[in-house]
Amino acid sequence: MIQHLDVDGVPTLLAATGGPMRAGLTFRVGTADETLVRSGITHLIEHLALAPLGLADYHVNGATAQAFTTFHTQGSEADIAAFLTAVCGNLSDLPVARLDVEKEILRTEWSSRGAAAVDSIPLWRHGARDYGLVSYPEWGLGALTADDLREWAARWFTRENAVLWIAGDRVPAELRLALPAGTRQPAPTASSALPQTPAYFVSGSRAVVLDSVVRRRAAASVFSAVLERELYRSLRQEAGLSYTTTTGYEPRGDGYATLRALADALPEKQDAVLGGFIDVLAKMRVGRIEQADLDATIAKREDFLGIAEVDAARLPSYALNVLTGEPNLSVDEHRAELKAVDLADLHEVAGEMIASALLMVPGGLTADWAGFAAAPTHSAEILQGTTYSSKEGNAALRVGVDGVTLLQTGDPLTVRYGDCAAMLVWPDGARQLIGSDAIALHIEPTLFNLHPGVIPAIDAKVPGDRRIPMPARAPDAIPQPQAAVRQATQSATSTWWELPVMVLSGMGVLVVGALSVLLTLAMLLTETKPGEEALWGAVVVLWLLTVILTLPIVKLRRRRRSR
């Protein structure tokens, strides 16, 4: 049984446990509440709240997800009271003296993070906003100030926007949750960057991944497990194509849930895995679902609901429902829902899954043959404006009063100023405009024949709060036109021999020329005797050799002047 209590104005959930006491303080705020220019602000506050605590002799941690931020701990009653009391104190009075240090730690954390197969999916589905922001680096960190953090914490880290859960027999007596008053915040509204579904996009990953949005209900949760069983049986056991076949079901807090499925593949098996994966989806869509898989899934869920620790285990998800206002069922109500799920319900979920599907396929493959439309990689709109050609002759930049279009062969990219989620700004003049639909348009002044006023004009049109300063680049990191690069490369590779040739030729001219002069003078000052005509021939040869040795020097000097 889960008890509903109140601690210092914070809704509190308590459930008995036979193990060590553990607790979590969850807030209804996450990355999906941010904007691209402020991305990372919630994560940074989470780090600042934990930083002064140092090393602990018991388990403590924090986590920032898309819609929630949680601080959790396990230990003695006194440990839990001390930890959560300190966290709330730090959230109310952020230790901003550590601001720069924690920013660097977060940058290091991002740079060392391994890429996962599903990392880019939110961007393709949602764009550069709300649930899509998790696909981007935390670009907002650099410009965040102490006042920015205090304002964000005062809005989101409040007692009305929090839920405390405790697995234990009582609330620790010394626990104090000194949080400011505020307002319960609704779940983020999910956007879409997909003009139609089902859709697919090509990725460099070796895995095939399906992402879909379905109504949150017991049948959808059960369907996720049934789909995993079918993928395992078809792609691993029977075909031997995949090693990892898995699915996931994650409620968003707005009445819907994300349902995903993944199957990995060797490079030479990717085509076969994609075909087998789509065959499984087609089988589920037409209702060919095994009753045995449904029965096995329900039995497994009922086993979990029967354990003694079931209420304590449900506390974290129960707390999320309290925060988002979604219903929480009792264990008996969960059992009744599970028993009511039948094959017709699963068939219905399969239809929802396919209708909203976004499929990620390995490079070189497509899925249009299976009824999936290609997700857009370029813009349908081309704006009017002044056109500037590229120095390489393969593109043009059109700058208008409403936005910018990069004209490429068949793939225009357009970002309107009013729909610009962020503009990355480099000190050397480069700009990258990112539209809310995730279209990114990069402008390198070195690659275009731009008027000097173009970049300042773009800067003036993009709202000031969308600018993200980027660090200065090394000169060799700034792109140059390929023609210039080739010329410089050819020049560097073709001139290394010039100096040695000129030196050797010069030395030859000096030696041979000197001999020519001396021998000529000697012949002129003495009378020619019979048989000495050969000496005059040698003189002529030496003068000819002097002229020949001089020619390379003259030609190389002319070549250098012409560059």
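**Strand pairing and helix contact**

Modeller: Arg-22 stands opposite Gln-74 in strand E5. Please note that this is a predicted model.

Colleague: How many bridges are there between E3 and E5, and in which sense do they pair?

Modeller: Strand E3, residues 22–27, pairs with E5, residues 69–74, over 6 bridges in the antiparallel sense.

Colleague: What is the bridge partner of Ala-23 in E6?

Modeller: Ala-23 has Ile-166 as its bridge partner there.

Colleague: Is E3 enclosed or open, and why?

Modeller: E3 is largely enclosed by the rest of the structure, because 5 of its 6 residues are buried.

Colleague: Turning to the helices, at what angle do the axes of H1 and H2 cross?

Modeller: The axes of H1 (residues 41–50) and H2 (residues 77–92) cross at roughly 125° and come within 8 Å.

Colleague: Is the crossing left-handed or right-handed?

Modeller: H1 passes H2 in a right-handed crossing.

Colleague: Which residues meet there?

Modeller: From H1, Ile-45, Leu-48, Ala-49 and Leu-50 meet Phe-83, Val-87, Asn-90 and Leu-91 of H2.

Colleague: How many of the residues in that contact are nonpolar, polar or charged?

Modeller: The contact of H1 with H2 has 7 nonpolar residues, 1 polar residue and no charged residues.

Methods
Residues numbered from 1 in each chain as written. Predicted model: local features only at pLDDT ≥ 70, side-chain atom pairs only at ≥ 80, totals over all residues. Heavy atoms only, no water. Axes fitted to C-alpha atoms, helices over the stretch in contact; angles between N-to-C directions. Helix = DSSP H or I, 4+ residues; strand = E, 2+ residues; numbered from the N terminus. Left-handed = near helix turned anticlockwise from the far one by under 90°. Contact = heavy atoms within 4.5 Å. Nonpolar A, V, L, I, M, F, W, Y, C, P; charged D, E, K, R; others polar. Buried < 20%, exposed > 50% of the residue type's maximum accessible area, 1.4 Å probe, protein only. Pairing = 2+ DSSP bridges.
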